[in-house]
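Here are a few exercises to work through with the model open beside you. Try each task on your own, then follow the solution step by step.

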Amino acid sequence: MMRLWWKRGRISGKRLLWYAFVVAFLIIVYRLIQENAGDIERQWTCEELHAKDRLIQLCQDFNRGITGGNLCKDLCDSHDLAIQDCLAHKNTTIVFSGTWRNHDIVFKTKREPHHFEDLTALIDAGHGDNDDGITTADDQGGIQELFTSHVFEHVVNELSLFQMKDLMKPKRVLEQLWYPHPMGKLTWADMSSLWLLIQRDEFIKLQLLQSMKHIPQVYGFCGRFYAVEKVQALEELTFTPFRKPMPWKKRLKIALDFLSLEKEFSNTSLGKLHHCDIQPGNFGITKDMRVVALDIDTVFPTRQMKDFLEQPTCESKKQCDFFDCVSSCNQTIHQCSRNILTNNLQVICRDILVSSWEQPGLLQRAPVHVQNKLSSLLSECASEKMLPWEQSKRKRIHTRLKKILSEELWSK
């Protein structure tokens, strides 16, 4: 008969029973937490938020010339944009599923910010009031030029992308925000709606990064709603201790695409991007197995991230953490450092690839021969010691991980 030993003494029956009880208790608590978390997210129903009424009002406002956007005609007139179900919502977000010209989409809006500059006041200040109350074609052209200038300044300041002034023309930025539709003369309703939409920088970043593989496609907007590519959330595929994980080869492909995402984020048109909330729920998998970043409110260019980290006063290091983006506290001047200690690859290893007791990682239950190769490398990658990394360390770990995973993917 097999004997169980604990240090010098044998485990007694009572102690073994106690361990079993603790494990069962933890499993029950975990399940309750997961269920309650789902209940919290569902505390605001679509009915309580009057979600469908908002769509009706959206089209009424469009027909009255109050609301604009490059998808309004498809939503309200031709119905090329068809809304189906209200999928998910929180107290700040409404999300619908739908289709647009054979593309599966989500059509979503977020609560507008409390404070933003009024577009009418900005345009009036730069254009002057027309005493006779008549807007001519020249007036409209001048208003659009002023609007283009204000949008450009807003984007530059919002993302701290001051180098953009030397790299892009204001008109080009506006065209990217209007993408993927050709931009002609904009109505006042178009300009007002776009101005409201760019008060939240997520829409700006989505549009300026549309050339990237790992950013979901944007199909346009109407009023405060915008349409993006519908994908399957990564956490729905694998991340739970009580569900059989997806096939090993499929997980290898996804892990390799996370490495591709990490490399792409290190050099974008906005500079290096720092993802400050890396967790399964913030990534999705497209039909062609691309990993894409969802809800990129917490993705920041380097200058913007440094400006953000430097602001708080601090007494300890913990006060200088913004989710996964971490700096240090100078306790002499009580100010957080501008230097970012963590990096995307380290957090991807820690929170996506490696398992923890409460969350299985993407590379869980790897075959023994692969686990032997990966174990020490993943431990080094996920470690929170020796931060920040030298660039040579990031390159070494990335290259080695990619080699091991690629060889395993193409092996028989």
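**Exercise 1. In this predicted model, work out how helix α10 (residues 248-265) and helix α14 (residues 391-410) pack.**

Step 1. Start with the axes: those of α10 and α14 lie 10 Å apart, and the angle of packing is about 155 degrees.

Step 2. Angles over 145 degrees count as roughly antiparallel, so α10 is roughly antiparallel to α14.

Step 3. On the α10 side they include Trp248, Leu252, Leu256 and Leu259, and on the α14 side Leu401, Leu405, Leu409 and Trp410 are among them.

Step 4. Sort the contact by class: nine residues are nonpolar, two are polar and seven are charged.

**Exercise 2. Describe the second largest pocket: what is its volume, and which element gives the most to its lining?**

Step 1. The volume of the second largest pocket is about 540 Å³.

Step 2. Its lining has 29 residues, and nearest the centre are Thr109, Lys110, Glu112, Leu196 and Arg224.

Step 3. Two or more lining residues come from each of α2 (51-63), β4 (93-100), β5 (103-110), α4 (119-127) and α8 (188-197). With five residues, α8 gives the most.

Step 4. By class, the lining divides into 11 nonpolar, 10 polar and eight charged residues.

**Exercise 3. How many cavities of 30 Å³ or more does the structure hold, and which residues line them?**

Step 1. Count them: there are two cavities of 30 Å³ or more.

Step 2. Take the largest cavity, with a volume of about 120 Å³. Among the residues that line this cavity are Thr109, Lys110, Glu112, Leu196, Phe203, Arg224 and Tyr226. The elements giving two or more residues are β5, α8 and α9 (201-208).

Step 3. Classify that lining: five residues are nonpolar, one is polar and six are charged.

Step 4. Move to the second largest cavity, which holds about 40 Å³ of space. Its lining includes His274, His275, Asp324, Cys325 and Asn344. At least two residues each come from β9 (273-275) and α12 (344-353).

Step 5. Here the classes are three nonpolar, five polar and one charged.

Methods. Residues are numbered from 1 along each chain as its sequence is written. This is a predicted model: local features need pLDDT of at least 70, side-chain atom pairs count only at pLDDT 80 or more; totals for chains, interfaces and linings use all residues. Side-chain values use heavy atoms; hydrogens and water are left out. On a 1 Å grid over the protein atoms alone, a cavity is a set of points where a 1.4 Å probe fits but cannot get out, and a pocket is an open set with protein on both sides within 12 Å along at least five of seven lines; lining residues have an atom within 4 Å of a point. Grid points are joined across faces, edges and corners, and a volume is the space filled by probe spheres set on the points. Helices (H or I, at least four residues) and strands (E, at least two) are DSSP runs, numbered from the N terminus. Ala, Val, Leu, Ile, Met, Phe, Trp, Tyr, Cys and Pro count as nonpolar, Asp, Glu, Lys and Arg as charged, and the others, Gly among them, as polar. Axes are lines fitted to C-alpha atoms, for helices over the stretch in contact, and angles run from 0 to 180 degrees between N-to-C directions. Angles under 35 degrees count as roughly parallel, over 145 as roughly antiparallel, 65 to 115 as roughly perpendicular and the rest as oblique. Contact means heavy atoms within 4.5 Å.
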